[in-house]
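Subject: Structure handover

Hi,

Here is the structure for you to open.

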Amino acid sequence: MKLNLKIWRQAGPSAAGRLEHYTGHEISPDMSFLEMLDVVNEGLIRQGKDAIAFDSDCREGICGMCSLVVNGVPHGPDRGTTVCQLHMRRFKDGDTITIEPWRAKAFPVIKDLVVDRSAFDRIIAAGGYVSVNAGGAPDGNTILIPKDVSEAAMDSAACIGCGACVAACKNASAHLFMSAKIAHLALLPQGRVERYRRVVTMIEQADAEGFGSCSNEGECEAVCPKEIPISNIARMTREYVKAVLTADT
Ligand code: SF4
Ligand code: FES
């Protein structure tokens, strides 16, 4: 395939950015989206030009590093799919594809398509953990947890911290990300000890980082590659109300 690419280039955090036009030549439908960018970069390097900076690591949908807005949609057109797992067979010969970075005040651009997502790390450091000594691997059935509860906790634990939910939200809210961690831990006995302090400190940190609030639009859920449900945000709100009412923070 031959593709017309409009790609965001920005030399640094304070430099002005712009969309630049490139042509993707001999793109196989079997390539992943990131392999397509690798091919474009190889061409740029051969010409002595600056390669396009973009994030990736596992390229298996696990790590949460890849972070591209493809034709206006974080992670591109396939639901429940990271952009590293998006394949070029999803596009047609001659298509025009616009590629941009996550856009949110709390995720400043470092270079081209790479943004700084350390704000998420600081939210997790503020409360997204358990500090009880969980010991070694317990015998099965030592701590009885109903199967539906353990499955709901596991579903929430699937969040890979990619930030697509923030990029899709008109308020740049981190609520889906936070709610995944809060639901994961609040559902399990090990996480209940610190549940109220956790929800308050994580929300306070998100506010300090400049993330917006939630107005229930649902774009976050629509683009989440791990299909974290927006119902988690309702659970987080309930946790927060209980925390404030009990003042056990
Ligand atoms: S909730 Fe979904 S979109 Fe948001 S950071 Fe987690 S995996 Fe990414
Ligand atoms: S590169 Fe790891 S999830 Fe995409």
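First, the ground rules. This is a predicted model, where local features need pLDDT of at least 70, side-chain atom pairs count only at pLDDT 80 or more, and totals for chains, interfaces and linings use all residues. Residues are numbered from 1 along each chain as its sequence is written, chains are lettered from A and ligands numbered from 1 in the order in which they are written, and side-chain values use heavy atoms, with hydrogens and water left out.

Ligand 1

The shell around ligand 1 holds 13 residues. Cys159, Cys162, Gly163, Cys165 and Cys224 are the closest. (A residue is near if one of its heavy atoms lies within 4 Å.) Helices α4 (164-168) and α5 (175-186) each give two or more residues. By class, eleven are nonpolar, two polar and none charged. (Ala, Val, Leu, Ile, Met, Phe, Trp, Tyr, Cys and Pro count as nonpolar; Asp, Glu, Lys and Arg as charged; the others, Gly among them, as polar.) Helices here are DSSP runs of H or I, at least four residues; strands are runs of E, at least two; both are numbered from the N terminus.

Largest pocket

The largest pocket has about 150 Å³ of space. (A pocket is an open set of points on a 1 Å grid over the protein atoms alone, where a 1.4 Å probe fits, with protein on both sides within 12 Å along at least five of seven lines; lining residues have an atom within 4 Å of a point. The volume is the space filled by probe spheres set on the points, which are joined across faces, edges and corners.) Its lining includes Cys63, Arg117, Phe120, Asp121 and Phe177. Helix α2 (residues 118-127) gives the largest share, four residues. The lining has six nonpolar, three polar and two charged residues.

Aromatic pairs

There are five. (Rings of Phe, Tyr and Trp, the last by its six-membered ring, pair with centres within 6.5 Å; planes under 30 degrees apart are stacked, over 60 edge-to-face, the rest tilted.) Phe107 and Phe211 are edge-to-face, at 5.5 Å and 80°. They sit 104 residues apart in the chain. Both are buried, meaning under 20% relative accessible area with a 1.4 Å probe, protein chains only (exposed is over 50%, partly exposed in between). Phe120 and Phe211 are tilted, because their planes are at 35°, with centres 5.8 Å apart. Ring pairs link Phe107, Phe120, Phe177 and Phe211 into a cluster.

Charge over a ring

The charged end of Arg103 sits over the ring of Trp8, 4.1 Å from its centre. (The rule: NZ of Lys or CZ of Arg within 6 Å of the ring centre and within 35 degrees of the ring normal.)

Best wishes
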